[in-house]
Amino acid sequence: GFNHIVGLKPTPGRVSTAGVLPACRSIDCVSIFALSVEDAARALAVMEGPDAADPYSAFAPGPGTWPARIRLGVPATLPPDTDAAVVTAFGTACAQARSLGHTLVALDFELLDEVAALLYGGPWVAERYTVVGPLLETRPDTIDPTVAAVVGRATAYSAADAFLGAYRLRELAPQAAAMWERCDALLVPTAPGHPTHADLAADPIGANARLGRYTNFVNLLGWCAMALPASVTESH
């Protein structure tokens, strides 16, 4: 998103994660960085498919074609902490979508914000501990302090918390899926802003959580996403 390239995150299970060092194994996804959408599609065509070696493999082809004009769900309002340059760039992208004949549908993103918060602010962080925990316990000095702080919070959650988180996600997922009755795809900023080194030093966890506002909910809901170059801001 900050390097003016295409990022393609397939639906979880579409590409095998066999042999991949896990982060959150139940929702991990192998993504693609490319210079064009066409290149990303070519790479995906080679990578995708069912794999018996991956217990989370769930290959299911999507529709082969899209309507010429689609309904794009957009945030009814952008949060006040969105960078001014992003607000301008997103406005330009929305205007371009309209000029191509697509319809913009204003949506309340509060539900998706709650889903996103589960990834780092809920028991899913404990899943990261299954991978990093042993190293964190024996050689904490070898782990980036921010990563250690995020994963270290896993010890505060119980098995009951994990179930409660799963229950809440189950409750939210159908509500989120209902969005597709009103739109065909979502159009959002890739990130609400570009943090500085000072921002990251002052609040590394908060800065990274902010960066994931429009992406953290995607894997939890079993959705796919694509980051597309739209414009260049001064912060780039």
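1. G73 stands opposite V105 in strand 4. Strand 3 (residues 71–75) and strand 4 (residues 103–107) pair in the parallel sense, with 5 bridges between them. Here two strands count as paired if DSSP finds at least two bridges between them. Helices (H or I, at least four residues) and strands (E, at least two) are DSSP runs, numbered from the N terminus.

2. The model is predicted: local features need pLDDT of at least 70 and side-chain atom pairs count only at pLDDT 80 or more, while totals for chains, interfaces and linings use all residues. Residues are numbered from 1 along each chain as its sequence is written, and side-chain values use heavy atoms, with hydrogens and water left out.

3. An open sheet of 3 strands has the order 2-1-6, and its pairing is antiparallel. Strand 2 (32–34) and strand 6 (225–227) are at the edges with a single partner strand each, so one side of each has no neighbour in the sheet. On average, neighbouring strands of this sheet are turned by 15° against each other, direction ignored. Axes are lines fitted to C-alpha atoms, for helices over the stretch in contact, and angles run from 0 to 180 degrees between N-to-C directions.

4. Within that sheet, strand 1 (residues 6–9) pairs with strand 2 over 3 bridges in the antiparallel sense. L8 stands opposite I32 in strand 2. Helix 1 (residues 37–47) lies across strand 1, strand 2 and strand 6, and runs at about 145° to strand 2.

5. How many salt bridges does a search of the whole structure find? The search finds 8, a salt bridge being a side-chain nitrogen of Lys or Arg within 4 Å of a carboxyl oxygen of Asp or Glu. Side chains of opposite charge can pair when their charged atoms come close.

6. R42 and D39 are 3 residues apart in helix 1, about one turn of the helix. R42 is exposed, with a relative accessible area of 55%, whereas D39 is partly exposed at 35%. Buried means under 20% relative accessible area, exposed over 50%, and partly exposed in between (1.4 Å probe, protein chains only).

7. Another salt bridge joins the side chains of R210 and D81 (3.4 Å, N to O). The pair links distant parts of the chain, with R210 in helix 8 (residues 204–211) and D81 in the loop between strand 3 and helix 2, 129 residues apart. R210 is partly exposed at 22% relative accessibility, and D81 is partly exposed at 35%.

8. R168 and E114 form a salt bridge, their closest N and O atoms being 2.7 Å apart. R168 is in helix 6 (residues 159–177) and E114 in helix 3 (residues 110–121), so the pair ties together parts that are 54 residues apart in sequence. R168 is partly exposed at 30%, as is E114 at 33%. Elsewhere, salt bridges that share partners join D81, D83, R210 and R213 into one network.

9. Leaving aside residues up to four places away in sequence, T17 touches D28, C29, V30 and D54, where contact means heavy atoms within 4.5 Å.
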